[in-house]
Amino acid sequence: MILGDEQRDILIIGGGTMGLAIAIELALRGARPTVLSRQFREAALHAAAGMLAPQAEGLPAGAMWNLCTASRNLYPSWIDKLEQLTGMDAGYWPCGILAPVTDAGQRDRTHPMEPDSRWLDASELVNYQSGFGESVLGAWWFPQDGQVNTCNLAKVLVSAARVLGVEVIEGITVQRFQRTPQGNITALESDRGRWSAGLYILATGAWAQSLLPLPVTPRKGQMLALKPSGQPLLNHVIFGDQLYLVPRRSGKLVVGATSEDVGFQEGTTVAGLQALLNRATAMIPELARYEVIDTWWGYRPATPDDLPILGEGPAANLYLATGHYRNGILLAPITAKLMANLILHQTSDRHLKAFSWQRFNLQPRSDNLCS
């Protein structure tokens, strides 16, 4: 069945976090975007833990720190807007994050510190969170960091898009761009026909390289969920070394995540899950009593410098929003805002300059960007 004969205003390729967030922002400003999604369940959104953690992650001062903290600070108003549109709970929880330290040398942080962040020694830490193993010397407390339940957020984003009249078309694989010799995209070729629009936005995450020679590659992450037998022990996100523990208000505990450069290899492995469980029980011994209730995996869209690719693309009417790596959920509000400003008003923010695709000195690939 060929669906794409009608001319659209804006076509967004990719129906995950970025594609939907941008579509919602554009629609709120009066635009009429259409989202083409291959398979919503493949989006990194469904695999992510949903941490909002620029402080806990230890980002250095610079463009990425500025982008991430600006986006985290937008989260309360962004979530409120989504919940007002849909009447649904997006699962936002500014619960604060504890970053435990097991090596005395880790106490001396050189990363930016917000005024209310502080070091807690072992005697103070127990007042915030009990149950840490003997190896934990203390923890950094980051009260402005938090989390969002990605299962809730996924439903809210889809619902908000529908409320605003965004056309989200599922089950379409875009195969290549068509463009003029002058550099404009004229159409998309897909397995369900030809699609054309005035503007195009590439937001395909880990699959971006199938359409453009961008250095975005999948970084696989395995995760699992635990359930306590009684009252949940954790009330803050725990951000450790190669480990995070994200408690949900329901009592479920999300444990993640491996980081594997194995392409699109599917499935969980004994080695991956065992490594996570070993780290988790070393951090919080009581977790050994929890029940394993789920395991899953997903693909983060990684770039060589771990920074996203945002802004204008290699064609005059093509825009890019991909490569967010492990900060896609965190960066959704600021990405949507900046991309809408750029697309609708040609307003380029200072935040975008460091994230241009041109920093990689790439040339368009002729087989997918064809004349």
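Author: What follows starts with the rings and the core, then turns to the spaces, the cysteines and the backbone.

This is a predicted model, in which local features need pLDDT of at least 70 and side-chain atom pairs count only at pLDDT 80 or more, while totals for chains, interfaces and linings use all residues. Residues are numbered from 1 along each chain as its sequence is written, and side-chain values use heavy atoms, with hydrogens and water left out.

Rings come first. A pair of aromatic rings is described by the distance of the centres and the angle of the planes. Rings of Phe, Tyr and Trp (its six-membered ring) pair if their centres lie within 6.5 Å. Planes under 30 degrees apart count as stacked, over 60 as edge-to-face and the rest as tilted. A search of the whole structure finds seven aromatic pairs.

Take Trp119 and Trp140. Their ring centres are 5.5 Å apart and their planes meet at 65 degrees, so the pair is edge-to-face. Trp119 sits in strand β6 (residues 118–121) and Trp140 in strand β7 (residues 138–142). The two are 21 residues apart, and the pair links distant parts of the chain. Helices (H or I, at least four residues) and strands (E, at least two) are DSSP runs, numbered from the N terminus. Buried means under 20% relative accessible area, exposed over 50%, and partly exposed in between (1.4 Å probe, protein chains only). Trp119 has 15% relative accessibility, so Trp119 counts as buried. Trp140, at 11%, is buried too.

Next come Trp207 and Tyr299. The centres of their rings are 6.1 Å apart and the planes stand at 90 degrees, so this pair is edge-to-face. Trp207 lies in the loop between β12 (193–202) and β13 (217–227), and Tyr299 in strand β17 (residues 291–302), so the pair ties together parts that are 92 residues apart in sequence. Trp207 is buried at 17%. Tyr299 is buried at 11%.

Some rings form a group. Ring pairs link Tyr75, Trp78 and Tyr92 into a cluster.

Now the core. In soluble globular proteins, nonpolar side chains tend to be buried together. A nonpolar core is a set of buried Ala, Val, Leu, Ile, Met, Phe, Trp, Tyr and Cys residues joined through side-chain atoms within 4.5 Å. Here the largest one has 54 residues. Those with the most contacts inside it are Ile12, Leu26, Tyr75, Trp78 and Leu153. At least two core residues come from each of β1 (7–13), α1 (17–28), α2 (63–86), α4 (150–163), β19 (318–322) and α6 (328–345). Helix α6 gives the most, with eleven residues.

Now the spaces. On a 1 Å grid over the protein atoms alone, a cavity is a set of points where a 1.4 Å probe fits but cannot get out. A pocket is an open set with protein on both sides within 12 Å along at least five of seven lines, and lining residues have an atom within 4 Å of a point. Grid points are joined across faces, edges and corners, and a volume is the space filled by probe spheres set on the points.

The second largest pocket holds about 600 Å³ of space. It has 26 lining residues, and the closest to its centre are Arg41, His46, Ala47, Trp296 and Trp297. Two or more lining residues come from each of α4 and β17. The largest share, six residues, is from β17.

The structure also holds one cavity of 30 Å³ or more. About 50 Å³ of space lies in the largest cavity. Its lining includes Pro232, Leu233, Arg248 and Tyr290.

What of the cysteines? A disulfide is a pair of cysteine sulfur atoms within 2.5 Å. A search of the whole structure finds zero disulfides. For Cys68, the nearest cysteine sulfur is that of Cys95, 17 Å away. Cys68 is buried, with a relative accessible area of 0%. For Cys151, the nearest cysteine sulfur is again that of Cys95, 16 Å away. Cys151 is partly exposed at 45%.

Last, the backbone. Most residues other than glycine have a negative phi, and most peptide bonds are trans. A cis peptide bond joins Gly256 and Ala257, with omega about -20 degrees. Ala257 lies in the loop between β16 (253–256) and α5 (270–283). Tyr325 has a positive phi, near 50 degrees. The place of Tyr325 is the loop between β19 and α6, and Tyr325 is buried at 11%.
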